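Please look over the model shown here.

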Amino acid sequence: MAIKSKNAARFFPRAARITAFILACVFSGTMLFSEATARNKSYSLRKADAYDEIETSYASSEEYRDQLKDMYEELCILGICELANCDEEMNYMGNKYIMSDLLYYLDYNHYGYKKTDKGIRPVSDMFDYYVSYTRPRDAAADELSEDEESTDSEMTAEETAEEVQAEDMTLFATNLTSDVISEGMTEKERLSRLQDSFSSYILRADDVMTSDMTSSGSMLYYSYKTVEDGKLSADYTDEAYPDNFLPMGGWYHDSYGRYVFNFGNHEPIRFFAYPETTEEGRIARQEYTDIKTDTVIYEPEIYDTMWQNEEGVFYSRSIFEMPDYKAYAGETSGLTVFIAPKAGLLEEYSTAYAREVSEYELYRNIETVSAVLALLMILYLAAAAVISGLCREEGQLFSGRVPIEFLLLAFVLISSYLVSGHIYSYSSFTQPLHSITRSALIGNVVYFAAGLLLSAADIFILMQILRTVFGGRLRKSFGLPKLIRRLTNYYHSTAIYQKIRLIPAGEKLKRRTINTFIICGIAVAAVIVLIAAESWDFEGVVLLLIFAAGVYTIYMLVRNLFLAGEISKLEKRIDALKHDEPFDEEIADNSEIKADIDKLESISEAVNEAVEERLKSERMKIELVANVSHDLKTPLTSIISYIDLLKKSELDDEAAAYVEILDKKSQKLKSIVADVFSLAKATSGIDVNMEELDFVMLFNQSYADAEDKISSSGKTIKLTVTEQTAPVMGDGAKLYRVLQNLIDNALKYSMEGSRIFLELTRKDNSVVFIAKNTSSYPIDFTADEITERFVRGDKSRTDGGSGLGLSIAKSFTEACGGTFDIELDGDMFKAILTLPIREIKEEEKNEEKDIL
Amino acid sequence: MEQLAAKILVVDDDRDIVAAIAKLLEMEGYDTIRAYDGIEALEKLAENDIQLILIDVMMPRMDGLSAIMKIRDKRNIPIIVLSAKSEDTDKILGLSMGADDYITKPYNPMELIARVKSSLRRYIQLGDIGSINKTDVIKIGGLELDKSAKQVTVDGEPVRLTATELKILELLMENAGRVFSAEEIYRKVWNEDAYAVENTVMVHIRHIREKIEIDPKDPRYLKVVWGIGYKIEKCS
């Protein structure tokens, strides 16, 4: 479906394509950069309960909420740890380890604070705060005596002193100036003063949360454990962050001297009343994360034992599961926390926040626009690539050179990388553009360039793919099949393969079967061992092994199937060799039966050579005999001619008698030469003209032909012909010669006055001719001897015959496919000729009748 | 007789054989010209008025067959091949090259003379008379049967046949080339049912052969197809 038209290509001139490509890269680079920047900005701008949306107001933003929550937590812990344990003069009377943990906690979280002679005072440039702890005189005394023995006596003394003056004792800390809050005011006055002074605040007092904030945003919830009857609840309690409020939170302490705080934080914060040097302290501190080193030293698990290493003793049981574990709810009713954003500051933050939001939106808009533009450009380029492919444009960069699988893989990898957003985790995008640092700027530029280059590569690859697919080169551009082919070819050229190739098919089959057995055996054994040991640790390995064994077995079975086909070819080849037929099936050079076929071919060649050699030698023999007989005939011709001339000339009686002898001998020589020649021809099997004939008729003709000789011989012949007809295949002239020889032989060598028996019968599927006579000479030779050439029954007789009569009879009979035997019994001479009868089908018989 | 003056060219590379044949022929009253290879034969043929050629096949310079082909381009005189090659294929080859007869060595001198006479007779006597087409005359080679006159001649020489022999010959000559079994011949000639008639027919056949063939053992016309029957060769 190649498009020849230049019109289609006209819409995509080179310059336009290059321009479109550059624009597409720039736009998609811009899109990626905008997306990355916007996404990074959204982390700090997003809504807490809806992560894919951003919060447009700073007061509701996550950032602001986190600040507020941290402040609240800090103030709560300060109130519980410090204010609740100070005397009237603000001298800390509580556990010193708790205090050190508090300081560490502030440092660790980079909370601003200052240490004054009146204790720890948080410093915040964002919030005005007020925290106080009010201790009822008697309740405080009771609690203290129960909880902490070390401070017991002092506190009791203090409280007793306070009780005299007032009912409650309140200690507070604040960053407000004394013109707003002063020590001289009562707690109630201070609180009403605070509420009056600030339009937006959060107040926790008497376990009640009051909020006058326009928005503190909403968080999801946090969970903590409650304490009931000295035991921690089994389940966590979830407390939600209500809109504009913070969760109330609480705390508890336990029998291991831990103070656990749940004030607005997901994770409880723990302080330790015992030093690390004591057993209890060590147990308590080692259980979870060590705050000081921020390393996990022990992850509690549900085990029942305890072990010890160089880091200390570890209880294998969770601390909550320890038999002496007890938890006590901490008192929070005296705690008062007030937080208000500093006047003016919130507005300032809000302005900055709003700018961030607008930047975010700007990036989002840029992203949308550049995405649309990039898409348009890519569509244009894709169309250009398709048209270019259909037009079979030549001379394109890399066209067809790079394997298509590589291109597809690269396209998928780069595209998925760009879409997955891994690239967006680059941190410099969070910085606002107006205050960006130099290094962040460089980072941005680098990122932009990286995005641009990746997009460029992606678009370019896409175009290459489209051009390949629509250019009809898809099939050719696959590199993997080529690689496999090349590897296969390489393998085929190696010595190992050459060796394997020459292994006979049967051996190959044997080896493969054994290998398959071994591999399946290993797999089965592995499964059995696995089941017996009931250990499933190596389950994957075993499954892999079984899978591999299965794949191998199937592969081998498939190969054996092909081998079986090849072996049938081999059998066909053997059959062809057996029947001496041509074998024209193609046997590939890498065929598995190559070795066997090669051997067979060489046998076949050897056989053919032998046959040819034999034929050649037969031909040579005939030629030799022909030449010899010719060479004999020529002088013989002269001899006979001149003897004849001699006979015609006037000779005296003696000479005439000599000439007569010469004449006889030369005639005999003549017949010997003729017989030798025809005998040689018959034994070599050439010059035999097989035709269909009737042996009975042949016999009759021969007999009739010899009738003169028979009557003149004065011997009696007894004929027995049982058959009317005996169709055989044979050379008529040769068989006539055989019968003639046998009759002549019988006439010549039978005893005077004896009878000669000629029998023609049928035995099974053969016609049998027997000539029997009583020899006139004692038989002093064997049956084998008599059919050998030049052997005669009467060794002394010299007249007539070449001595080849029976040899010729035997050779001619055999040349016609029959058998010729001599049987000797006393003086009884018996020649037996057998020829297979050719069965004539009814139809043929009818046809013959029609012809006749 | 005029044919006694006939000149015969004897060609053979064996000078003794040539001499023997020449002597034999001369004793019969023929003139002979001798040649010892094909080329010499052609020269002698051009120089003399030759009536018959006796030629060997295997000769130096030019072999007999090539010489026959050259002679046949110009002349129509009888050619008898005289060769030691006795194969049927050799005979067929020689005859198809244009030879009139084929005698194998070692030849029987009597037979040789008979064949020479026969060929000459055919050439000089019958050849001259040419082809007087009698409708009742069947002619196969030198064998002629005049059905109305009940007369058979071989190379012009009359042959005496009995009535049965004539009938058999007529049957075979009318269907020259076709093989007849003994039974068939019997049925057609004797007009009786045939049973074990091989001998009867064979005896007649043998008698006919003795009368019409020069060498009854190697017949030219009436042939036995062993095991099948009898036929008269349909020759040119």
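Axes here are lines fitted to C-alpha atoms, for helices over the stretch in contact, and angles run from 0 to 180 degrees between N-to-C directions. Helices (H or I, at least four residues) and strands (E, at least two) are DSSP runs, numbered from the N terminus.

On the α15(A) side, A:L570, A:R573, A:I574 and A:L577 make the contact. They meet A:D596, A:I597, A:L600 and A:S604 in α16(A). Two residues are in contact if their C-beta atoms, placed from the backbone, lie within 7 Å. The contact divides into 5 nonpolar, 1 polar and 2 charged residues. Ala, Val, Leu, Ile, Met, Phe, Trp, Tyr, Cys and Pro count as nonpolar, Asp, Glu, Lys and Arg as charged, and the others, Gly among them, as polar.

## Basis of the model

This is a predicted model: local features need pLDDT of at least 70, side-chain atom pairs count only at pLDDT 80 or more, and totals for chains, interfaces and linings use all residues. Residues are numbered from 1 along each chain as its sequence is written, and chains are lettered from A and ligands numbered from 1 in the order in which they are written.

## Helices α18 and α19 of chain A

α18(A) and α19(A) pack at about 30°, with axes 10 Å apart. They are therefore roughly parallel to each other. Residues of α18(A) in the contact include A:L698, A:F699 and A:A706. Among their counterparts in α19(A) are A:L735, A:Y736 and A:L739. The contact holds 9 nonpolar, 4 polar and 1 charged residues.

## The chain A–chain B contact

Chain A gives 29 residues to the contact and chain B gives 27. On the chain A side, α16, β20 (691–694), α18 (695–713) and α19 (732–749) each supply at least two residues. The largest share, 12 residues, comes from α16(A). The chain A side divides into 14 nonpolar, 8 polar and 7 charged residues.

## The five-stranded sheet

An open sheet of 5 strands in chain A has the order β4-β3-β19-β5-β6, with antiparallel pairing. Two strands pair if DSSP finds at least two bridges between them. β4 (168–174) and β6 (208–211) are the edge strands, each pairing on one side only. The twist averages 10° from one strand to the next. β5(A) and β6(A) share 4 bridges. There, A:A205 has A:V208 as its bridge partner.

Helix α3 (residues 62–81) packs on the sheet of chain A and touches β3, β4 and β19. Its direction makes about 150° with that of β19(A). Helix α7 (residues 187–197) lies across β3, β4, β5 and β19 of chain A, at about 160° to β3(A).

## A hairpin in chain A

Strands β25 (residues 819–825) and β26 (residues 828–836) of chain A run antiparallel, joined by 7 bridges. A:D825 stands opposite A:M828. The hairpin has 2 residues between the strands, and A:G826 takes a positive phi near 65°.

## Chain B

Chain B has 8 helices and 11 strands. Among its contacts between residues at least 6 apart in sequence, 55% join residues at least 24 apart.

Methods: Angles under 35 degrees count as roughly parallel, over 145 as roughly antiparallel, 65 to 115 as roughly perpendicular and the rest as oblique.
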